[in-house]
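Dear colleague,

I am passing on the structure we spoke about, and below it you will find my notes on what turned up when I went through it. Please read them with the model open beside you.

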Amino acid sequence: KCTGCGACENICPQDCISLEYNQEGFLLPVIDHDSCIDCGRCIEVCPALLETNRNPDAGVTQVYSAWSKSQEILRSSTSGGVFPLLAKDVLNKNGVVVGAALDNNLFLRHIVIDKEDDIGLLQGSKYIQSNINKVYSIVEQYLEEGRFILFSGLPCQVAGLNSYLQYKKSKKLKNLVNCQLICFGVP
């Protein structure tokens, strides 16, 4: 059932879980059993394992569908141009934006940006699975500082972030906006 969301990697107090590519190119957790202390946090935070035990009131409370009226933004976007508008709004409030970007080696990773000039790094469809790395714990730190955050990701990644933040009992969730993409499964 694993989706490679990275919640287990982010919650592990021993840093003994890492996401690695399997032979088919999917990111899956690998546990260093010599470092593991069997605390069970990885199981407790996993959205795929806990889907039947999930609080029905947790998660998405409002859903919107929209598109930009700007032809320039629409030309530089792949799905209606809403993401750069949301990103600019969050950045103008001294916030940060989290999304998937290709690095110099063409690996797709979630990164954090805090400058409007970097929004283009996160725009556009990638059609491959992105590595979350330790982004959930970084998001938690920014929330604790009272900063606004726009998190853009696949449904499994948004579920992973929400599960992680619920487990950590984060208090400032009102400053978090999730921008969830429609996904039919990563190729």
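**An exposed tryptophan, a sheet and a patch**

Trp67 is exposed, because its relative accessible area of 64% lies over the 50% that the term requires. Please keep in mind throughout that this is a predicted model. Trp67 sits in the loop between helix H2 (41-45) and helix H3 (71-75), and, apart from neighbours within four places in sequence, Trp67 is in contact with Gly80 and Val82. From Trp67 to Lys134 there are 67 residues in sequence, and the two are 31 Å apart in space, C-alpha to C-alpha.

Turning to the sheet, four strands form an open arrangement in the order S4-S3-S5-S6, with mixed pairing. Strand S4 (108-113) and strand S6 (176-180) are at the edges and have a single partner strand each, so one side of each is left without a neighbour in the sheet. From one strand to the next, the twist averages 25 degrees. Strands S5 (residues 149-153) and S6 run parallel and are joined by five bridges; within this pairing, Leu150 has Val177 of S6 as its bridge partner. Helix H7 (residues 155-167) packs on the sheet, where it touches S4, S5 and S6, and the direction of H7 makes about 155 degrees with that of S6.

Lastly, Leu102, which belongs to strand S3 (residues 96-102), counts as partly exposed because its relative accessibility is 43%. Together with Leu106 and Ile128, Leu102 makes a nonpolar surface patch of about 300 Å².

Methods
Residues numbered from 1 in each chain as written. Predicted model: local features only at pLDDT ≥ 70, side-chain atom pairs only at ≥ 80, totals over all residues. Heavy atoms only, no water. Patch = residues over 30% accessible without salt bridge, like charges linked within 9 Å, V, L, I, M, F, W, Y side chains within 5 Å. Areas by Shrake-Rupley, 256 points an atom, 1.4 Å probe, with all protein chains shown as cover. Salt bridge = Lys/Arg side-chain N within 4 Å of Asp/Glu carboxyl O. Helix = DSSP H or I, 4+ residues; strand = E, 2+ residues; numbered from the N terminus. Buried < 20%, exposed > 50% of the residue type's maximum accessible area, 1.4 Å probe, protein only. Pairing = 2+ DSSP bridges. Axes fitted to C-alpha atoms, helices over the stretch in contact; angles between N-to-C directions. Contact = heavy atoms within 4.5 Å.
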